[in-house]
Amino acid sequence: GAANSDRLYALSETFRAFAEATRDYRVLLETVAREMAHLIGDGCAVMLLDDDGAWSAAGAACARDPRGTELLRDALSRLPPGRAAGGLSVSVGRTGEPVLIPTIAPEELVKFAESPFADAVRALGIRSFLSVPLEVRGRRLGVLSMCRYVPESPPFDESDQLFARSIADHAALAISNAQLFESLQTELRE
């Protein structure tokens, strides 16, 4: 149907955007967050893990509206580097198992969120949550966490989770290539 062809077109445009941003790591992360926020969630945070499983300082967040973007970026900037305790995104990063919470009260979600995100959950009234791992060739790079808070947005469902995972696979490959490209550039400079 039309919805499917729209989704396919959006996907091909998204993959093109990922490919074009591969040479600039920061731009790529912003692109992934922006595309996920527009395609799947009302907002998205990209959280990366370094090789020993600690949160990396690199990450990105975006929402469909400027206030959402500001709140999510602020939360991300306050995420302590290193091995974070508890939280839904942490568990996805650790286990590689996606988390789908179709409907939840913001006050309940706060209990499961990484603490810097509590303000954003309350302020935006986040009431649906989806988090999928970023994995490439058996290596876990991080997590894509999406939320819905716009009143007319439906709750996340299984099809959103499948859709998010398929995009996450492409995003992970692009991120992995960008990391490789960046390390090669660094070696060449040295």
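**Cysteines**

I began with Cys147 and found that, with a relative accessible area of 5%, it is buried (under 20% relative accessible area, where exposed is over 50% and partly exposed is in between, using a 1.4 Å probe and protein chains only). I note that this is a predicted model, in which local features need pLDDT of at least 70 and side-chain atom pairs count only at pLDDT 80 or more, while totals for chains, interfaces and linings use all residues. Residues are numbered from 1 along each chain as its sequence is written, and side-chain values use heavy atoms, with hydrogens and water left out.

Next I looked up Cys44, which is also buried, at 1% relative accessibility. How many disulfides does the structure hold? I found zero, a disulfide being a pair of cysteine sulfur atoms within 2.5 Å. The closest cysteine sulfur to that of Cys147 is in Cys44, and at 8.2 Å it is too far for a bond.

**Nonpolar cores**

I then turned to the largest nonpolar core, which has 33 residues; such a core is a set of buried Ala, Val, Leu, Ile, Met, Phe, Trp, Tyr and Cys residues joined through side-chain atoms within 4.5 Å. Met36, Ile40, Val46, Leu134, Leu144 and Met146 touch the most other members. Among the elements that each supply at least two residues of this core are α2 (25-39), β1 (43-49) and α7 (158-189), where helices (H or I, at least four residues) and strands (E, at least two) are DSSP runs numbered from the N terminus. The most comes from α7, with nine residues.

Apart from this core I noted another one, of 28 residues, which includes Leu49, Val99, Leu109 and Ala120.

For Val46 I listed contacts (heavy atoms within 4.5 Å), leaving aside neighbours within four places in sequence, and among them are Leu29, Val32, Leu76, Leu134 and Leu144.

**Helices α2 and α7**

How do α2 and α7 lie, roughly parallel or roughly antiparallel? Their axes (lines fitted to C-alpha atoms, for helices over the stretch in contact, with angles from 0 to 180 degrees between N-to-C directions) come within 10 Å and cross at roughly 170°. That makes α2 roughly antiparallel to α7, since angles over 145 degrees count as such, while those under 35 are roughly parallel, 65 to 115 roughly perpendicular and the rest oblique. The residues making the contact include Leu28 and Met36 of α2 and Phe163 and Ile167 of α7.

**Ser153**

Last, I found Ser153 in the loop between β5 and α7, where it is buried at 13% relative accessibility. Leaving aside neighbours within four places in sequence, Ser153 is in contact with Asp42, Arg127 and Arg148.
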